[in-house]
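User: I would like to learn how to read an interface between two protein chains. Could you take me through one?

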Amino acid sequence: MRGCRRIRSWIPLAVEGELPLDRRYRLDEHVAGCAECRSEYEAAVALEEAMQRLPEPPVERLDLDRIAGAIDAAIDERLRAGAPEKAARRPRRIGLRAVVAAAAVAVLAAGALLWQALVDDVPDEVATSSVAAASGDATPGDATIDEARRDEVRATIAAELLAGLGDLPAGVSRSEVEERLAVFDERVRPLARGGWPVAHIAEGLLASEDVATARAAARFLGVRGDRVSAVALRRALDRPELARAAVNALGDLGPTGVSALAQALDQPGLETLALDALVRVGGPAAVRVLEAEVGRTGARVRHTPDPASERRLPMLVAALAACGPGAVESLLRLTSNGNLARDEAFGAIERVDGGADAVGSLVGRSRRDLSESLLLDAVATFHPRSALPWLEERCHDHREREAALACIAAYPDPEALHVLLRVRRRGSSAPVLRAARDLLADAPGAGVDLALRLLEARDEEQASRLLDFLLECEAPGSGPALSRLALSELLSPDERQWAALAVAEIGAPEDAGRLAQGLAAIGSLGGASRKAGGERIAAACLISIHALAGDPATLAALGALGGVSAERSARILAHLDEAEAKGTRAVIVYKLARELEFFYDPTIKKEVSSAP
Amino acid sequence: MAGSVDEKVLIARARAGDRAAFDHLVREHFPRVYAVAFRLVGNHEDAEDLAQECMVRGYLSLRWYRGSGAFSSWLYRIVVHLAHDRHRSAERNHPMAGYPEEPVVERGPVHELGRKELNLALLDSIRKLPDSLRTALVLRTLEGMDYAAIADATGFTATTIRTQVMKARRALLRLMQPYFQGSTR
């Protein structure tokens, strides 16, 4: 088959979910018709799925305290054995001449003195600490620093933190804390310039016996801290009197605080606060943690239900949904894994701002962890417009067509009708027409919206196809669309005539009113109207008006035209009664057209107008 | 990409002999280093050993860390080298240990195999890959690292890594072909 080589080169990208959407469609289309490529693609997907199902590294088995101790001991042992010298030795080049080696040694000796200063991007005061230590200057990086000076700096920072942040009540905004910290920064600037790591010292202050100081340090770290601060704040969770301040600070810290917040979720009394903090952080990190929590709790509820887990699960789901569109994928995955009921997940997605768009963004990508049927269910429920191209593609695969059509039929969207119109062109018939009928029954406005859009865009070809499609469907809700098409000069006279006549069959009384309003507009075609068959279209309109709304509406429509005598009106009504009695509409269209010529033919109109 | 300012300060302090600062770094980076090691060696005990050794060597070699890339990537590079050494050493001592020529399970479509058996066969096939391909595949597919980060950790360019991942997938597919024949999505 043509293009196999190129298509196969796309498979790795498709498997990684990095293939652009247009190529993705082409790949899907190709593999649907090429057994070899399909086999290769399916094998690649199956392999990827198998890899994703490999067990995760058991990180939870790590005892970091023990490991840190073991590493410390191993370092001591190596240092005693003289390891640093060995580790620092540069790799020697084989075959260097002695003189070059001697020069290199000299260069290395000089270089060693400059080495610390050359270290990239590290504050000079800190990077040169070893040099300073050798010269006897006490700086913050100096291992032999004067303990008294260190305590003094620590006390200063503690006092400034307490003065700046100690009186701030819980729940103040981050911007208020920022304002206070601007003053604090000014006051500790000399220390920071001297190389004192203020954040690092604040981390130490979390262990302060004075709870107010420790809380002020937590608040400071929430705004100015980093990943290391998150570790310190995580430890602070173990101090009951400091735990709430630590949770708030971790929330302020943003994504780096999320894993510590996950720990707080399991601590009695902190769960609600930690959930609030996670929602405040939002983004992928918070979503990951909440997804894991929902998964664990959902599994417990499913296997060994207990009241605490049952009470907890809705809270967690609500928090996850509050994290925004990023949570939608997680909610669906949880359902796909069986850890969250479908209705709960969908209910949560409904509450997510932009949830439908998020569902749409999931389709068409290589999803290893979401079941296709669930995704289809979500698309059918939330109707993301962005999923329509994906559904359209699926309509061309006989295995997927039925589900995709059912899904499209649930869209209250004119674009969905447009999709069905295109699918119909490519060969399917009965199921597509059924889907269109369902769609128009649930969303009657979709037909007229699409008609108006096409007419506004002056897309003659598509408007004409829409008419064919609506006539083929015979959907009860398509009267408004048909009347719009009948009154538009974009279509041919024949098409307009058929459209106007069809309103009588599948329209509603209000469609008669629309046609009546349009009768005069048909005349506005002017000199071209006879050639354009204006009187035939008007005749067809009158038939529909009469069929749907009776004599009074017909007479009113004729009256609105102006210049129709009582005799002519009577003849027209007689023709219409005859048409309904005999069902000979084609003949009546002809007869009515003759009656209406006076209005739609400019020459005859002139004669009538000039008559006394 | 270099780390945050505080991480740089911690690294500088650790380099100057501050063991508490290095302790912070260990607690921060050990789990990921361990995860990478686990993916490469396939069992908890060896992975923990490797990750510990990586941290010890990291401390003793800190002066060689120039700060131009992420500290984590520098640690990954150490652990990847350690894993390769261990792999080579295992092959020298027991050339066939752990790598049966034929998978121990009866072959057939994926859905007919138990999940555990399939995992074993897959891990076995991953271990059969050449070091460079295995590392690229593991870091990309199982650890979810982006190509630039893998390039940092292995010393290859991102383009080379992309090619290695692609080759690894193909090779793995060949090794696992009997299991995926006739499989459907």
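Analyst: The interface comes before a single residue in what follows. This is a predicted model, in which local features need pLDDT of at least 70, side-chain atom pairs count only at pLDDT 80 or more, and totals for chains, interfaces and linings use all residues. Residues are numbered from 1 along each chain as its sequence is written, chains are lettered from A and ligands numbered from 1 in the order in which they are written, and side-chain values use heavy atoms, with hydrogens and water left out.

User: What area do chain A and chain B bury between them?

Analyst: The size of an interface is often given as the accessible area lost when the parts come together. Here chain A and chain B bury about 6100 Å² (accessible area, 1.4 Å probe, lost on being put together and summed over both), with 61% of it on carbon and sulfur atoms. The contact (heavy atoms within 4.5 Å) draws on 68 residues from chain A and 63 residues from chain B.

User: How many salt bridges are there between chain A and chain B?

Analyst: A salt bridge pairs a side-chain nitrogen of Lys or Arg with a carboxyl oxygen of Asp or Glu within 4 Å. The count between chain A and chain B is eight, including the one of B:E45 with A:R61, whose closest N and O atoms are 3.8 Å apart.

User: Is B:R27 buried or exposed?

Analyst: Buried means under 20% relative accessible area and exposed over 50%, with partly exposed in between (1.4 Å probe, protein chains only). B:R27 counts as buried because its relative accessibility is 18%, and B:R27 touches A:L64, A:D65, A:A68 and A:R235, leaving aside residues up to four places away in sequence.

Methods: Buried area is the accessible area (1.4 Å probe) that two parts lose on being put together, summed over both.
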